[in-house]
Structure formats: C-alpha cells, structure tokens
Amino acid sequence: MKDVNTMHKKMMGAALAIVMASAALSPVAMAASRYEILQEGDKDGSVYTLQEYLAEKGLLDVDPTGYYGSLTEQAVISFQESAGLSTDGKAGPATLSKLLGSAYDGVTYSGSLKEDVLQNGDESLAVGDVQRRLMELGYIELSEFTSYYGSITEDGVRRFQRANKLNVDGIAGPATLKRMFSSSATAYTMYPDDTGNDVTRLQKRLAELNYFKQDATGFYGPYTTEAVIAFQKRNDLSADGIAGPKTLDKLYSPDAKSAAKASSSTEEKKTEEKTEEKKTEEKKEQASSGSDVDSVIKLAKSKLGCKYVWSTEGPNTFDCSGFVYYTLKNSGVSVSRLNAAGFSQVSSWAKVSSISNLQKGDLVFFRSPSSSRVSHTGIYIGGGEFIHAASGKGKVVISDINSNYYTSNFVVGRRPNY
C-alpha cells in the first residue's frame, strides 16, 4: 500500500467540478451529492482509496476492494467515534477532511469549470474516478483500482481523446473531463486513420479470421476499413467500417464468424460451406493439445516482470488477455486471440464456478467493482495464487486470489483442454 503521506494532490479538484458542470444532464446532477458523500453501496476508485486510508490507520482489517460494504461502514463509524464526529457511517466532507488531512481540499461546486487538470504523476481520489469511468467506457482494463495517474491511465485517456476527437495529449483537462463524464461520451471505438497497438491487434484478429490479407501495420487505412466492413456484413452488424463496441465485442468473442469461402450460385453449396466452417471452428476450440499444465505455468512464470502494455501479446509486453493467449498458444493449446470477456465465453472449456474448485492451469476471470462485465483474466497456478499481466502493477505478477479484492470480483473460471 502506498504511504498516504505521499498523497498530496487534491482529492477531487477539477474532475469533480467538471463532472457536475451541467445541471441539464441528469447523471451529472446526480453526481453532485454522490461525490460529496461516500456511503454503503458505492463502488469505485474513490471507495478503494478511502479504504486504503482506513486500513493505514488500523481501522479496516481487510484489503481494499473498491466496494463500500458493511465492513467499510463500520470502519468509518469507528473513525468518526474516535474523531468526535457524528457516527452515521458515511464518509462526507467532515469525515473525509479529518481522515485525509492535507490530502483533502474540500468538494465545492460553483457551477463553473476550473482550470485544474489531472495528469501523469497525480495521486488522488479523483484519479480513481477517472479510471472507473475509462473502464466503463472500455478504454482500460484494470486488474485493480488505484489512485495513481500513471502510464496506463494516461494511455487510456489518449485512446479516449482519440475516439472523441479531442486533443490527444494524455492529460485529463477540462474539455476531456467534461466529455468523459457526459452522457455523450463515445465508448471505446477505433476509426479509419487511427494508429496504435490496438489497431495492430485489430488487424491481427481480422487476419486470423481471414478478412485481412496484409501485414499488420498499426494504421487503420483503407484495407483495414474494408476488412472491418466484410466482418460486419458476415456477422450481421451495421457495416460502417468503424470498430465500435458491438463490432469489437463480436470480433473478440468465440462465436465470431470467419470470412466466407468463395461464393457459390447454389444455396446448397452455401449451406455446406457454413456447416464446414462451423465444424472447423468447433474443432479448433475443442482440440486437446496434450499440453502439460506444469509446462504452461513454467512458461507463464518465465514472463514475470514483463511490462503491461495495452493490446500487446508478447513476447516481452502483454495486456491481460494477450498474456493468456501467448502462454496457451506457445504451450501448444489451440486458441484464438480473444479478449478477457471472450475467453470467459468459450463453452467447450469446462466452467468453474467457485474459487475453491480451481485447478492448476485454469483461467480465472474478474470484473471491476463498478461493472458486471469481465475485464481481467489470468492463469491459476495453485496454492491460492494466479499469474497475470496486472495493469495495476504495470507488469506480469503473481497475486493472491483469496484477497478480498479478487474474491469479491471473481466471475468464473474456465478449464482449457490441455
């Protein structure tokens, strides 16, 4: 846990003022009271950091989870009692100012924007809320919330700015924050002329499904646009050539349809081709590789310390799903390049509903505290531990799956056909 004395940035600052800048938007209007008072039922980075402070003072005996439950409420009550405050179990301005000390600079809403910004190196509760919002919109995949604005948050802001036609500088300034917390914010989308690792990953996945015949360049040009349109038509999506949420969800899912074979004039031939494709896809998913689980884990451990980088799949940088893909593929397991949610949906892999039933080599899947959608994955290595490319740590690490954060956010396990 970071030393709370280093948390010298404003707790809320511009992010919260900007979030509430327009009373015309109902989510914004609702946010005013939400950010002034943290209370039972809240789930986000602000709660996570509050729990860090409570734990630092010895008032919370469990690891931070980002969820404001009964244990957090009781810890707040204990602090309120010791501080001579009203014991309502809610972390409002009076409680927060006492608990956070100089790190708390109040929450004031004047109805106008401030010129403050959030940027790389900042550390505050407001950063946690930016991370939460970026996760909701699909721009980052956090293994856990932090209150630190590092390279992963900065890159997520850049992707958000790119998709929302803002100045791409990685700094969460007034214009970026206003759009980010508005109802008109564009969820994670890639457009023609975009560049980046995520475009490279998009091209590789399209090539895997036989839509893209060129080398992956990281530039979303005419060939990529044509490939996306072909994929969309084949998968009954709106064929606009833009890689938006629906297209990306389908593309990285196990039921994405590969490119059709050469067209035939007869309906019978088309039916035969579709049947053959389906059989091929099922065979690929269900194939038993004969891989040794210990060898899989050995390969995974050999990547400990490798840097976390969004939309990469090795050999030296990974995101969470890229790490799983690399490890399985290079251990002889037949696997497609899916995302975390996609891997969790592979029905030919046995489902494991409880952490207590996990076996070595099982894939594990987690949501964030503010969402029900699978957004993180790793490989269980036994002994209550799993290995994963952890965005919160910025590298491949081994973590305790029985910590409160991971037990609270565990969704399911899957057992590949080794």
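**Close-up views of a predicted model**

**View 1. The loop that holds Asp236.** Asp236 is found in the loop between α10 and α11 (245-251). The model shown here is predicted. Phi of Asp236 is positive, near 60°, and the residue is not a glycine. Is Asp236 buried or exposed? Asp236 has a relative accessible area of 66%. The cut-off for exposed is over 50%, so Asp236 counts as exposed.

**View 2. The loop that holds Asn210.** The loop between α9 (197-208) and α10 (222-234) contains Asn210. What is phi at Asn210? The value is about 70°, a positive phi in a residue that is not a glycine. Most residues other than glycine have a negative phi. The relative accessibility of Asn210 is 43%.

View 3. Which peptide bond is cis? The bond runs from Gly314 to Pro315, and its omega is near 5°. Most peptide bonds are trans.

**View 4. Helix α6 against helix α7.** Two packed helices are described by the angle between their axes and the distance between the axes. Helix α6 spans residues 125-136, and helix α7 spans residues 151-163. They pack at an angle of about 50°. Their axes are 10 Å apart. The angle makes α6 oblique to α7. The crossing of α6 past α7 is left-handed.

**View 5. Residues where α6 meets α7.** Which residues of α6 meet α7? From α6 come Val130, Gln131 and Leu134. Across from them, α7 supplies Thr153, Gly156, Val157 and Phe160. By class, this contact has four nonpolar and three polar residues.

**View 6. The whole protein, for orientation.** How many helices and strands does the protein have? There are 16 helices and eight strands. The protein has 418 residues, and 53% of them are buried. Take the contacts between residues at least 6 apart in sequence: 57% of these join residues at least 24 apart. The protein exposes about 18,000 Å². Carbon and sulfur atoms supply 47% of that area.

Definitions and conventions: Residues are numbered from 1 along each chain as its sequence is written. This is a predicted model: local features need pLDDT of at least 70, side-chain atom pairs count only at pLDDT 80 or more; totals for chains, interfaces and linings use all residues. Side-chain values use heavy atoms; hydrogens and water are left out. Helices (H or I, at least four residues) and strands (E, at least two) are DSSP runs, numbered from the N terminus. Buried means under 20% relative accessible area, exposed over 50%, partly exposed in between (1.4 Å probe, protein chains only). Contact means heavy atoms within 4.5 Å. Accessible areas come from the Shrake-Rupley method with a 1.4 Å probe; for residues, only the protein chains shown count as cover. Axes are lines fitted to C-alpha atoms, for helices over the stretch in contact, and angles run from 0 to 180 degrees between N-to-C directions. Angles under 35 degrees count as roughly parallel, over 145 as roughly antiparallel, 65 to 115 as roughly perpendicular and the rest as oblique. A crossing is left-handed if the near helix is turned anticlockwise from the far one by less than a right angle, and right-handed if clockwise. Ala, Val, Leu, Ile, Met, Phe, Trp, Tyr, Cys and Pro count as nonpolar, Asp, Glu, Lys and Arg as charged, and the others, Gly among them, as polar.
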